[in-house]
Amino acid sequence: DAAGLSRSPVKPNKPRVLVLGLLFGCVLGVGVSVLREQLTPQFRRAEDVEVVIGPQLLAAIPDFSFLWSPTKARRNFSSAYLPRRLGSFADEIDGSTEDSAIGHRLQNYASHPYGSDRRFVAKLFPRSMAAEQYRVAAARLQLSSGGAGVAVVTSAIKGEGKTTTVINLGYTLARDFGKRVLIVDCDFVYPELKCFLERPTQFGLIDYLRGDCKLEDATASFSEIPCWIMPAGVSEADPTELLKTDRLEWVFSQMRGKFDYVLLNA
């Protein structure tokens, strides 16, 4: 027979090379990813932070943004709230169930002109897991500070929860532990503590540092607990220049004499 003309190359076998190359690439990629994940120091769980930091860790606050959705709140009720004690939660609103009580509280609080900030979980949802963690943080703070002192709350960048932490921690110290708490807004760039005021105040920290007002005139308290807020105030000049004066030490001595805890939103 006459020799036939080959219509395809004998070598290399392209389909087999492509399949083997794909498998080798997948195995190599997964292996490198796993190796890099294990060799790179990262915080993957809240327990990892506690192991590294140790006893200095006050608490790990869970995400509570879903609490503002009534549907999701009902769906996650078993995991987001502490077990109800008889006559405690339902008595807040007579004749209503727990789900309707949540919606009623959200509606009333949202209508308040100076109390519609959704970060105030310690007041809006006192039985939530997030509020319980703030109670844990407040208790550990008292154990480490002897029941009084000045604490500074800060963060690396904006949006990490600094203001959320200081307002909920201060409110918890006053409501659940009976401490006289002053929360001072020292963030002159993005002052946000004024959002939590029940009534507006004309003066703030800047005015108090300049000596334009008394301590009582620069603070506003909550109606039901011994917790006061001192907003940052308004200044046309650079407010950070006021922090370089000798008056700052005198200001803090005055605050320590009238309050158990002074929390600085730095």
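**Pocket, helices and sheet: a chat**

H8 gives the most to the lining of the largest pocket, supplying four residues.

Biologist: Happy to look at this with you! Which helix gives the most to the lining of the largest pocket?
Modeller: Gladly, and please keep in mind that this is a predicted model. Helix H7 (129-145), strand S1 (149-153) and helix H8 (162-177) each supply at least two residues of that lining. With four residues, the one that gives the most is H8.

Biologist: Thanks! Which residues lie closest to the centre of the largest pocket?
Modeller: The space in this pocket comes to about 600 Å³. Its lining has 20 residues, and the closest to the centre are Ala 59, Ile 61, Val 153, Gly 161 and Thr 165.

Biologist: Good. How do H7 and H8 stand to each other, roughly parallel or roughly perpendicular?
Modeller: Their axes come within 9 Å and cross at roughly 75 degrees. Angles of 65 to 115 degrees fall in one class, so H7 is, relative to H8, roughly perpendicular.

Biologist: Nice. What classes of residue make up the contact of H7 with H8?
Modeller: From H7 the contact includes Tyr 134, Arg 135 and Leu 141, and from H8 it includes Asn 168, Leu 169 and Asp 176. Sorted by class, the residues of this contact are eight nonpolar, five polar and three charged.

Biologist: Which residue of S5 stands opposite Val 152?
Modeller: S1 pairs with S5 (residues 261-265) in the parallel sense, over five bridges. Within S5, the residue opposite Val 152 is Leu 264.

Biologist: One last thing: what volume does the largest cavity have?
Modeller: There is one cavity of 30 Å³ or more. Among its lining residues are Phe 196, Glu 198, Arg 199, Phe 222 and Ile 229, and the lining divides into five nonpolar, one polar and two charged residues. The volume is about 40 Å³.

Key. Residues are numbered from 1 along each chain as its sequence is written. This is a predicted model: local features need pLDDT of at least 70, side-chain atom pairs count only at pLDDT 80 or more; totals for chains, interfaces and linings use all residues. Side-chain values use heavy atoms; hydrogens and water are left out. On a 1 Å grid over the protein atoms alone, a cavity is a set of points where a 1.4 Å probe fits but cannot get out, and a pocket is an open set with protein on both sides within 12 Å along at least five of seven lines; lining residues have an atom within 4 Å of a point. Grid points are joined across faces, edges and corners, and a volume is the space filled by probe spheres set on the points. Axes are lines fitted to C-alpha atoms, for helices over the stretch in contact, and angles run from 0 to 180 degrees between N-to-C directions. Angles under 35 degrees count as roughly parallel, over 145 as roughly antiparallel, 65 to 115 as roughly perpendicular and the rest as oblique. Contact means heavy atoms within 4.5 Å. Ala, Val, Leu, Ile, Met, Phe, Trp, Tyr, Cys and Pro count as nonpolar, Asp, Glu, Lys and Arg as charged, and the others, Gly among them, as polar. Two strands pair if DSSP finds at least two bridges between them.
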